[in-house]
Amino acid sequence: MKILLIEDDVEISDMLKKFLGTEGFEVVTAYDGESACEKFFDDEYSLVLLDLMIPKLDGMEVMNAIREKSTVPIIIVSAKDTDSDKSLGLGLGADDYVTKPFSVTEVLARIKANIRRTTQYSAGIERREDTITWGKLTINTEDYSVLKEGARIELTVKEFEILKLLVKNPKKVYTKEQIYSSVWNDTYVGDENAVNVHISRLRNKIEDNPRNPKYVITVWGIGYRLGEEE
């Protein structure tokens, strides 16, 4: 597994590269936004670790550039720890967010969890054909593709996992805690923001009118459910 580590603090970069190397990862480092984009588009990576405060192009600009071409998992590792910073990062396409200072074991756990979600379906763990048509959407849970009236919709792994969770259980209302535990495969600690941001991004991609959603319905005071089939 090859990871692109974008971090301008040489000490932190060297520490992470050395530690992840002992865990079997190949780590390519970049110390500014311009070289990060060059390295990303010149090779293939399983995951990107991205600091937000980097020179030349900042982390948000780098993430925008990556998301225009790829759905590779992106984990932000940043000293910016406010809810607004996390919301902005997740809203622009990050899959996870780790605040500094951090433990290397926490970063490793997040890396493994995000890579596991992407490699499970590409490696063929779920090999049965499983296509669900719901309204204008066709969702294939084998190859993680989504079509809307025949046009492909690019979803990140977490966006797809949320949609898959709802369409596989169309009559169930999920709390934010249940969605987080299922999709993030982690203990819910009251971080509603991550769920809210990913629901908003998912709606922007699949709904005709995100302000009046037909697929991902809010059940006030409880959580979310799948809308009635058209």
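These legends walk through several close-up views of one predicted model.

Residues are numbered from 1 along each chain as its sequence is written. Local features need pLDDT of at least 70 and side-chain atom pairs count only at pLDDT 80 or more, while totals for chains, interfaces and linings use all residues; side-chain values use heavy atoms, with hydrogens and water left out.

**View 1. The open sheet has five strands.** Here the strand order is β2-β1-β3-β4-β5, and the pairing is parallel. Strands (E, at least two residues) and helices (H or I, at least four) are DSSP runs, numbered from the N terminus, and two strands pair if DSSP finds at least two bridges between them. At the edges sit β2 and β5 (96-99), each pairing on one side only. From one strand to the next, the twist averages 20 degrees; axes are lines fitted to C-alpha atoms, for helices over the stretch in contact, and angles run from 0 to 180 degrees between N-to-C directions.

**View 2. Strand β1 is largely enclosed by the rest of the structure.** Five of its five residues are buried, meaning under 20% relative accessible area, with exposed over 50% and partly exposed in between (1.4 Å probe, protein chains only). Lys 2, Leu 4 and Ile 6 point one way, and Ile 3 and Leu 5 the other. Five bridges tie β1 to β2, with Leu 5 opposite Thr 29. Toward β3 there are four bridges, and Leu 4 stands opposite Val 48.

**View 3. Helix α2 (residues 33-41) packs on the sheet.** Its direction makes about 145 degrees with that of β2, and the helix touches β1, β2 and β3. On α2, the buried residues are Gly 33, Ser 35, Ala 36, Cys 37 and Phe 40. Asp 32 caps the N-terminal end of the helix, with a side-chain oxygen 3.0 Å from the backbone nitrogen of Glu 34.

**View 4. Val 48 sits in the largest nonpolar core.** Such a core is a set of buried Ala, Val, Leu, Ile, Met, Phe, Trp, Tyr and Cys residues joined through side-chain atoms within 4.5 Å. Contact means heavy atoms within 4.5 Å. Leaving aside residues up to four places away in sequence, Val 48 touches several residues, including Leu 4, Phe 40 and Ile 66. A second, separate core has 18 residues, among them Phe 19 and Phe 102.

Technical notes
A polar contact is a pair of N or O atoms within 3.5 Å; within protein, one must be able to donate a hydrogen and the other to accept it, and residues adjacent in sequence count only if both atoms are side-chain atoms.
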